[in-house]
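Q: I am new to this structure and would like a close look at a single part of it. Please take me through the ligand site, and then through the sheets.

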Amino acid sequence: MERIVIEGGFPLKGTITIGGAKNSAVALIPASLLADDVCTLKNVPNITDRDALFDIVKWLNCDINQNGSTIKIDPSKLKNVLISEELSVKLRASYYFMGVLLGKYKHVEIYFPGGCNIGSRPIDIHLNGFKALGAKVTKRGHKYILDADELVGNTINLKFASVGATINIMFAAVYAKGTTIIKNAAKEVEIINVMDYLNNMGAKIKGAGTDTIIIEGVEKLHGAEIEVIPDRIEAGTYILIGALLGNNLKISGIIPEHNRALLNKLTEMGVSYQLGTDYIIMNKCDSFKPVDVRTEVYPGFPTDLNQPMSVLMTQADGKCTMEETIWEKRVGHYPYLIKLGANITLEDNKATIIGKTKLIGTEINATDLRAGAALILAGLIASGKTYIYDIDYILRGYENIINKLSNVGAKIKIEKI
Ligand code: EPZ
């Protein structure tokens, strides 16, 4: 077993380069299987979710050639077999193989996707979208079997602007007969990345990034290339670290517009920063005005930055509130922040955080990916040593986080126990 050990309080100086977006890459990798020949993905992040998806791609008899962050996937020898439970439960994004294999072969068998413990995580919106296109959905225990004689375009109105369902329905619709219109589509920027990739293959999709996406079915999709956009959640996490410990900490390789909601909140708290075209320079702020945050779908304040932001709130001068509206259980980090010394009360999905509180290092556990990131942030500002267990969650979504932080002066390491 391993744990992360952090000695807090050290200023962070130098440059952190942001990697490709996890929540793009986990869709772009399965999307490659929609094409008939070799596809190239650039700027793929080095995270364990990537490896878990590679295992499924290989299980389906597709070759993968990796050269650093450039990945070539050859789907020409794909065998559409049942995807094993052991492989598909490793991450929620395994559900993208449903839309891809249904869309291309009109048949898919897969076990219910996995993912972090932040809520019930149903996939009814995905399944209703597939049914609207003509698929029959059978559930046997944990296994889903989806079949269709043919897939016919339809107008699909999502009951919630689900990121995964929007992307999955795009996958299932690219080869459907006629036109599919997705209404109340999610507008996250990762969906534009996926649309661009599919259009590079020869798909005919318009409107990603808006609440209405139009997909005209095509007969063929050839190999193509795409670059994964920068990870706005990784960037946001380091921006928050910079507001607490930065000493000219440069976070480079970002698209500032993708972090607009966070930057607006930081400005409200009195945090100043220097913004370039593809970088931001952060300096430690001595006092933070309290704010209220309510997570929303893009372009609102991202739910995936809820937990790291709540750590900054423990250092504000007064009462902050953090209301989570996307996931019903994104609260696993609060007991551990309280154990470090934070003053937090939780009512339903709304936390009241009273700052400024001194955090004192101790033993804590990551309960999900973004909770783990929050605990690292807390350990970096706590006095003394903080020990974080269950660190696999963190390594799923933060590329080389130990090196990226230690290279700018953090006293952080992974040790075997
Ligand atoms: C994506 O999850 C991200 N994951 C999540 O990031 C992110 O928190 C979420 O979008 C919201 O931005 C990936 O992209 C792999 P949703 P997704 O479908 O697609 C309910 C991270 O930390 N819902 O937009 O699963 C659901 O229960 C992860 O990187 C249904 O009810 O999110 C939740 O309350 C965590 N039925 C809400 O919608 C469905 O069929 C948001 O879900 C699907 C979703």
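Predicted model: local features only at pLDDT ≥ 70, side-chain atom pairs only at ≥ 80, totals over all residues.

A: Start with D124. One of its polar side-chain atoms lies 2.7 Å from a nitrogen atom of the ligand.

For S162 it is the side chain, with an N or O atom 2.6 Å from an oxygen of the ligand. Now the cover. On its own, the ligand would expose 820 Å², and the protein buries 91% of that.

Around the ligand there are 23 residues. Those that come nearest are R92, D124, S162, D304 and I326. So much for the ligand site.

Next, a sheet. Four strands make up an open sheet, and their order is β9-β10-β12-β11. Its pairing is mixed. The edges belong to β9 (155-157) and β11 (204-206). Each of these has a single partner strand, so one side of each is left without a neighbour in the sheet. Neighbouring strands here are turned by 15° against each other on average, direction ignored.

Look inside this sheet. Strand β10, residues 179-183, pairs with strand β12, residues 212-216. The sense is antiparallel, over five bridges. Helix α7, residues 189-200, lies across β11 and β12. It runs at about 155° to β11.

Now another sheet. It is open, with four strands in the order β17-β18-β20-β19. Here too the pairing is mixed. At the edges stand β17 (292-294) and β19 (343-347). Each has a single partner strand, so one side of each lacks a neighbour in the sheet. On average, neighbouring strands of this sheet are turned by 15° against each other, direction ignored.

Strand β18 covers residues 318-323, and strand β20 covers residues 350-355. They pair in the antiparallel sense over six bridges. In β20, I353 is the bridge partner of C320. Helix α10, residues 306-313, packs on this sheet. The helix touches β17, β18 and β20. Its direction makes about 175° with that of β18.

Methods. Residues numbered from 1 in each chain as written. Heavy atoms only, no water. Pairing = 2+ DSSP bridges. Helix = DSSP H or I, 4+ residues; strand = E, 2+ residues; numbered from the N terminus. Axes fitted to C-alpha atoms, helices over the stretch in contact; angles between N-to-C directions. Contact = heavy atoms within 4.5 Å. Near = heavy atom within 4 Å. Polar contact = N/O pair within 3.5 Å; in protein donor to acceptor, adjacent residues only side chain to side chain. Areas by Shrake-Rupley, 256 points an atom, 1.4 Å probe, with all protein chains shown as cover.
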